[in-house]
Amino acid sequence: MKSCAIRVGLISDTHGLLRPEALAALRGSDFIVHAGDVGDASILEHLSALAPVTAVRGNNDHGAWAARLPDTDRLLAGGMRILVLHDLAALDDAATRIDVVVSGHSHRAKTERRADVLYVNPGSAGPRRFWLPISVGMLTIDAGGVTSELFLLDHSRAPERNTVLRRGN
């Protein structure tokens with residue numbers, strides 16, 4: 001029996017700006033995770049037109065729409081347990097039985113494996129901060145487990161020229 005891979009699009013720190021390049025990179029996702037600092041409820045509406053969205057509140061998310069977002073959330077996709085929070089520093093050491101942790105806040109795209117847990121920060125897809133790149137990520141879940149890719153979204157390039165920054169497996 002042939003199994004299909006599940007694609008989970010990762011985005012964070014949009015701060016009210018949803019770039020067309022980010023939407024293009026996330027197209028084809030089965031689920032989308034927004035790791036906080038959304039900036040505006042319309043961002044989540046646009047993302048939900050692509051796939052179901054799991055989103056958490058970031059330290060810059062304020063107002064009635066943001067109050068409805070949890071500080072942390074969980075998603076089960078393809079048998080993988082995904083924990084979402086904005087600031088990795090707020091991760092409770094007691095959080096157990098997690099396969100993937102998705103966070104934002106630092107604006108620095110990074111993926112690493114610690115013990116049996118994959119940690120992914122898709123970086124910032126919103127306004128450029130300092131010299132940091134604009135990026136999003138993708139988890140691919142299949143019979144072999146979960147892999148992550150981080151994509152550079154240089155707004156001066158067409159989306160098809162996205163560059164894989166790092167791959168973890």
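Trainee: As what does Arg129 count at 37% relative accessibility?
Mentor: This is a predicted model, in which local features need pLDDT of at least 70 and side-chain atom pairs count only at pLDDT 80 or more, while totals for chains, interfaces and linings use all residues. Residues are numbered from 1 along each chain as its sequence is written, and side-chain values use heavy atoms, with hydrogens and water left out. Buried means under 20% relative accessible area and exposed over 50%, with partly exposed in between (1.4 Å probe, protein chains only). Because its relative accessibility is 37%, Arg129 counts as partly exposed.

Trainee: Which residues does Arg129 touch, not counting residues up to four places away in sequence?
Mentor: Arg129 sits in the loop between β8 and β9, where strands (E, at least two residues) and helices (H or I, at least four) are DSSP runs numbered from the N terminus. Its C-alpha atom is separated by 10.0 Å from that of Ser106, which is 23 residues away along the chain. With contact taken as heavy atoms within 4.5 Å, the residues touched by Arg129 are His105, Ser106 and His107.

Trainee: What is the bridge partner of Arg114 in β8?
Mentor: The open sheet of five strands has the order β4-β5-β6-β8-β7, with mixed pairing, and two strands pair if DSSP finds at least two bridges between them. The edge strands, each pairing on one side only, are β4 (72-77) and β7 (110-114). Five bridges join β7 to β8 (residues 117-121), and these two strands run antiparallel. In β8, the partner of Arg114 is Val117.

Trainee: Which elements give two or more residues to the lining of the largest pocket?
Mentor: A pocket is an open set of points on a 1 Å grid over the protein atoms alone, where a 1.4 Å probe fits, with protein on both sides within 12 Å along at least five of seven lines, and lining residues have an atom within 4 Å of a point. The lining of the largest pocket includes Lys110, Glu112, Arg114, Tyr119, Val120 and Asn121. The elements giving two or more residues to this lining are β7 and β8.
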